[in-house]
Amino acid sequence: MQRTRIAHALLASLVLAALAACSSGSAGHKDEALGSKAAVAPAPKKPVVRGLPGMPPVLDPADVYAADRPNRLSPVVRDFPSRVYVPNTNSNTVSVIDPVTYRVIETIPVGVQPQHVVPSWDMKTLWVNNDRGNTLTPIDPRTGRAGKPVDVHDPYNLYFTPNGKYAIVMASLDRELVFRDAHTMKRVRTVPVSCYGVNHADFSLDGRYFIVSCEFSGELLKVDTEQMRVIGQQKLPFHGSMPQDVKISPDGKRFYIADMMADGVWILDGDTFSEPSFLPTGKGAHGLYISRDSREMYISNRGEGSVSVFDFARNRLTRKWHLPNGGSPDMGGVSADGKVLWLSGRYNSEVYAIDTRTGEQLARVKVGSGPHGLAVYPQPGRYSLGHTGIFR
């Protein structure tokens, strides 16, 4: 019995010693133990854009133009010489300007009534839209040489689906949207439209639809990209409206449509396609171009020789630049470094180079008659949606 009591006492002592050791050990690593139990906050997830099948992923859902930062040239175009290509509608030529010297270094004969110079989706070719000549003239931007014209009827303007599958010909006189193979230009599907003068367009953030302006009937179309069909149509609430260029806002929530008769810009919710609001900018509002930092939009007012500057964050106009001695600023683009806005002078046989920081006119370059949709090339971006250069 005595031995049993001794054994129990000895066991109790050992247990107490062990507990004390465990307690002192925990106390010695108090901070470490508490730290190991702290919850780790999960990283915020970026919203995923469910884009048009085959379309390159959206880089930033908050900025459609995230790929267009200054001098961020794709390897495809990095070695191309910097040039400004000017289609002279009445001269049936393309003037090629060296943007460093502000001089015309070459004049390329093309088809009848060239309207726009359009970068292809893969950015390897420039297509000259010979509207009345019913052809597209390819130009190799690496060499500057023109290739054999391709037969395409009524190519007033040209766009490309965001997945690079189709070219979309804006057949203004034919009153058609013609979907063609993006490389061979073979007709795939013709979409008749009831409006007059299909003209300019831009695509939604996800590429699943695009908004088209109809300049001669003052209407807008909403077109399903994949199904290749018109899903919405509305007449602008201004008598005599003539909508022109179309651009989407950086956040993808609004479309801006220049109206040369209303003298300003319509602001449209593309998703709801409800009646747009209106922003006066200047007489003959025509072309729309986004700054390289996605903060501003330049609006060419052809009827008064000026450029209005719109601030997206402030949602208002902040400046207006007037060309010295007037002019007719029309279509164009921003230089790769974002420092120069190039615009054709539609009725003055000239091209304007404008400093995007100060609005100062840097140069006036004489070209052929009726200069229209000029292309500054190359520009930053991963692929082209067409017109004079819409890059994403």
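Tutor: Accessible areas here come from the Shrake-Rupley method with a 1.4 Å probe. The model is a predicted one, and by that method the protein exposes about 17500 Å², of which carbon and sulfur atoms supply 54%.

Student: What makes up the protein in terms of helices and strands, and how many of its residues are buried, as a percentage?

Tutor: The protein has two helices and 29 strands, and buried residues make up 55% of its 392 residues. Among contacts with a separation of 6 or more, 47% are between residues 24 or more positions apart.

Student: Why is Ser 204 called buried?

Tutor: The relative accessible area of Ser 204 is 3%, and buried means under 20%, so Ser 204 belongs in that class. Ser 204 lies in the loop between strand S13 (198-203) and strand S14 (209-214), and, with neighbours within four places in sequence left aside, Ser 204 is in contact with Tyr 209, Ile 248, Phe 255 and Arg 392.

Student: How do you know that the side chain of Ser 204 makes a polar contact with the backbone nitrogen of Arg 208?

Tutor: A polar atom of the Ser 204 side chain lies 3.3 Å from that nitrogen of Arg 208, and the cut-off for a polar contact is 3.5 Å, so the distance falls within it.

Student: Why does Pro 237 count as partly exposed?

Tutor: Its relative accessibility is 42%, and the partly exposed class lies between buried, under 20%, and exposed, over 50%, so Pro 237 falls in between. Pro 237 lies in the loop between S16 and S17, and its contacts beyond four places in sequence are Trp 266 and Glu 275.

Student: Which strands form the sheet that contains S23, and how are they paired?

Tutor: The order of this open sheet of four strands is S21-S22-S23-S24, and the pairing is antiparallel. Strand S21 (285-290) and S24 are its edge strands, since each pairs on one side only. Strand S22 (residues 296-301) and S23 pair over six bridges, with Asp 311 in S23 as the bridge partner of Glu 296. Strand S23 (residues 306-311) and strand S24 (residues 316-322) also pair over six bridges, and there Ser 308 stands opposite Lys 320 in S24. Four residues lie between the strands in the hairpin of S23 and S24, where Asn 315 takes a positive phi near 55°.

Student: What makes a group of residues a nonpolar core, and which residues have the most contacts inside the largest one?

Tutor: Its members are buried nonpolar residues joined through side-chain atoms within 4.5 Å. The largest core has 27 residues, and Phe 255, Tyr 256 and Met 297 have the most contacts inside it. Strands that each supply at least two residues of this core include S14, strand S17 (243-248) and strand S18 (255-259). A second, separate core of 23 residues includes Met 55, Tyr 166, Val 193 and Val 198.

Student: What kind of peptide bond joins Tyr 377 and Pro 378, and how do you know that?

Tutor: The bond between Tyr 377 and Pro 378 is cis, with omega about 0°. Most peptide bonds, by contrast, are trans. Pro 378 has its place in the segment after strand S29 (375-377).

Definitions and conventions
Residues numbered from 1 in each chain as written. Predicted model: local features only at pLDDT ≥ 70, side-chain atom pairs only at ≥ 80, totals over all residues. Heavy atoms only, no water. Buried < 20%, exposed > 50% of the residue type's maximum accessible area, 1.4 Å probe, protein only. Polar contact = N/O pair within 3.5 Å; in protein donor to acceptor, adjacent residues only side chain to side chain. Contact = heavy atoms within 4.5 Å. Pairing = 2+ DSSP bridges.
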